[in-house]
Amino acid sequence: DYGITLMNIGNVCASYGDYTEAYNYLEQAIPILRESIGTNNSTYGQLCLSILQVASINPDENLSDLEFLVDFAMSIFSTEENENELLYNYGLFYKALINMEKEQYREALDLMLNVEREIAKDIEQDSQLYNNVIYQIAINYHILGEYNNALVYYKKRNNYQIRSIAEVFSFRSEKDKRTYLKTIEHWFSQLTAFSLDENFSNPEITSLSLNNQLLRKGLLLNSSKSILTQLESLEDVSINAKVKEYKSLKDVIIYLELLPEIDGAEQVEAVKDDLNRFETELVELYNLNFDTALDFNKDWRTIRSNLVDNEVAIEFVSFLNSEMNTEYIAYVIKKDSEFPEVVKLFDEQELKTTLKKKTPNQLYATRGSRGKSISSTKALYDIIWKPLELYAKDVGTIYYSPVGLLNQIQFAALNK
């Protein structure tokens, strides 16, 4: 049947993240299926759920406008002829999302908890549906101010994400890994933002967020200098040449992106293609020469255990806030820290504005021990280091791990 074909194509498009195209195919399937097989059957009910799935992901869609599809699907899957408890609970899930749109969070929470209990009978807890439900339960508890309950479900959601990361990074290609990182970073950013909610104020979620960011740094080649350092330790001329070229390409990308007055969009994409090629080669070389077993259960307490009394470790972290702007914060760890201290720093645009005041020669004269620092101005000191002065007072040694644009800054040259 042509209508079923359209529905299947729509579902495939949705699985690849092309939700606009998916919605077009699913909409086309509605009148065709209605005429060919009618509406009182499981196929039409599944079509309703597919449309709701796509609409729930699209920020421009209001599920409330499609509540009639929820009711219709639930009526289909509750009949004796088409009874399907799992698909019926799918409908309840979307009913709860509609309640959230209407800011009826208590009603939404009750429905979600019911869905969690019911679907646990039929599907694995590692399924995407189950963990979508877990996530929405956490959000509702958070909004309602029931923070301890929210933390329980955030931890469940995070455990699922860590298991997913372990599966992807253990058995998938480098391309799949890079693609997956883009999706997982959204969750890491969300959890970091949640941990900064002053009303939440729970050190456990702070620890959870920091552990995620430590994992993220370990997974990203361009955030983890240890891989490049270990490759350079092989003292192989050809490998060192590749590492040097990789670092140079990163500098070129930063330079083009910091100077918007230069029409460098095509140049940036071309350089990124070269960067990805070098990155793949370097990862393959690393895998050939070193033990690549990854530890997916990061714990900031490992850092703490390696510190002595007059030392401090600072983990710089970047994340996307609710306005989709990149913010920078720092986690401060000392020998006697029960939990890490969180220090808010700046948003990335503020740093870019400061860096743009530098000439190209100043900006990229930083590689190598004899390079001039790009960070010798008071403006950079004020946004990066001044908020951390209190924690660095009377400290003998400071260990720090930069992230993002901070990798381009010579911290030793920061001054007042």
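1. Which residue in the turn of the hairpin formed by strand 1 and strand 2 has a positive phi? Methionine 324 does, with a phi of about 65 degrees, and the hairpin has five residues between its two strands. Helices (H or I, at least four residues) and strands (E, at least two) are DSSP runs, numbered from the N terminus.

2. The model is predicted: local features need pLDDT of at least 70, side-chain atom pairs count only at pLDDT 80 or more, and totals for chains, interfaces and linings use all residues. Residues are numbered from 1 along each chain as its sequence is written, and side-chain values use heavy atoms, with hydrogens and water left out.

3. An open sheet of four strands has the order 3-2-1-4, and its pairing is mixed. Strand 3 and strand 4 (397-401) stand at the edges with a single partner strand each, so one side of each is left without a neighbour in the sheet. From one strand to the next the twist averages 25 degrees. Two strands are said to pair if DSSP finds at least two bridges between them. Strands of a sheet pair through backbone hydrogen bonds, either parallel or antiparallel.

4. Strand 1 and strand 2 pair in the antiparallel sense over nine bridges. In this pairing, leucine 320 stands opposite threonine 326 in strand 2.

5. Strand 2 (residues 326-334) is also paired with strand 3 (residues 341-347), in the antiparallel sense and over six bridges. These two strands form a hairpin with six residues between them. Alanine 330 stands opposite valine 343 in strand 3, and tyrosine 331 stands opposite valine 342. Isoleucine 329 faces lysine 344 as its opposite residue in strand 3.

6. Helix 10 (residues 203-219) packs on the sheet, where it touches strand 1 (311-320), strand 2, strand 3 and strand 4. The direction of helix 10 makes about 85 degrees with that of strand 1. Helix 15 (residues 348-356) packs on the sheet as well, touching strand 2 and strand 3, and its direction makes about 55 degrees with that of strand 3. Contact here means heavy atoms within 4.5 Å.

7. The helix pairs begin with helix 1 (residues 2-15) and helix 2 (residues 19-36), whose axes come within 8 Å and cross at roughly 160 degrees. That makes helix 1 roughly antiparallel to helix 2. Axes are lines fitted to C-alpha atoms, for helices over the stretch in contact, and angles run from 0 to 180 degrees between N-to-C directions. Angles under 35 degrees count as roughly parallel, over 145 as roughly antiparallel, 65 to 115 as roughly perpendicular and the rest as oblique. The crossing is left-handed; a crossing is so called if the near helix is turned anticlockwise from the far one by less than a right angle, and right-handed if clockwise. The residues of this contact divide into 14 nonpolar, four polar and one charged. Ala, Val, Leu, Ile, Met, Phe, Trp, Tyr, Cys and Pro count as nonpolar, Asp, Glu, Lys and Arg as charged, and the others, Gly among them, as polar.

8. Helix 2 and helix 3 (residues 42-57) have axes that come within 10 Å and cross at roughly 155 degrees. The two helices are therefore roughly antiparallel to each other, and their crossing is left-handed. Among the residues that meet are Tyr19, Leu26 and Arg34 in helix 2 and Tyr44, Leu47 and Ile51 in helix 3. This contact comprises 13 nonpolar, two polar and one charged residues.

9. Helix 4 (residues 67-77) and helix 5 (residues 85-101) pack at about 155 degrees, with their axes 8 Å apart. They are therefore roughly antiparallel to each other, and the crossing is left-handed. Contributors to the contact include Glu67, Asp71 and Phe77 of helix 4 and Tyr88, Gly91 and Lys95 of helix 5. The contact residues divide into eight nonpolar, one polar and three charged.

10. A search of the whole structure finds 12 salt bridges, a salt bridge being a side-chain nitrogen of Lys or Arg within 4 Å of a carboxyl oxygen of Asp or Glu. One of them joins glutamate 146 to arginine 106, with the closest N and O atoms 2.5 Å apart. Glutamate 146 lies in the loop between helix 7 (128-143) and helix 8 (147-171), and arginine 106 in helix 6 (residues 105-119), so the pair ties together parts that are 40 residues apart in sequence.
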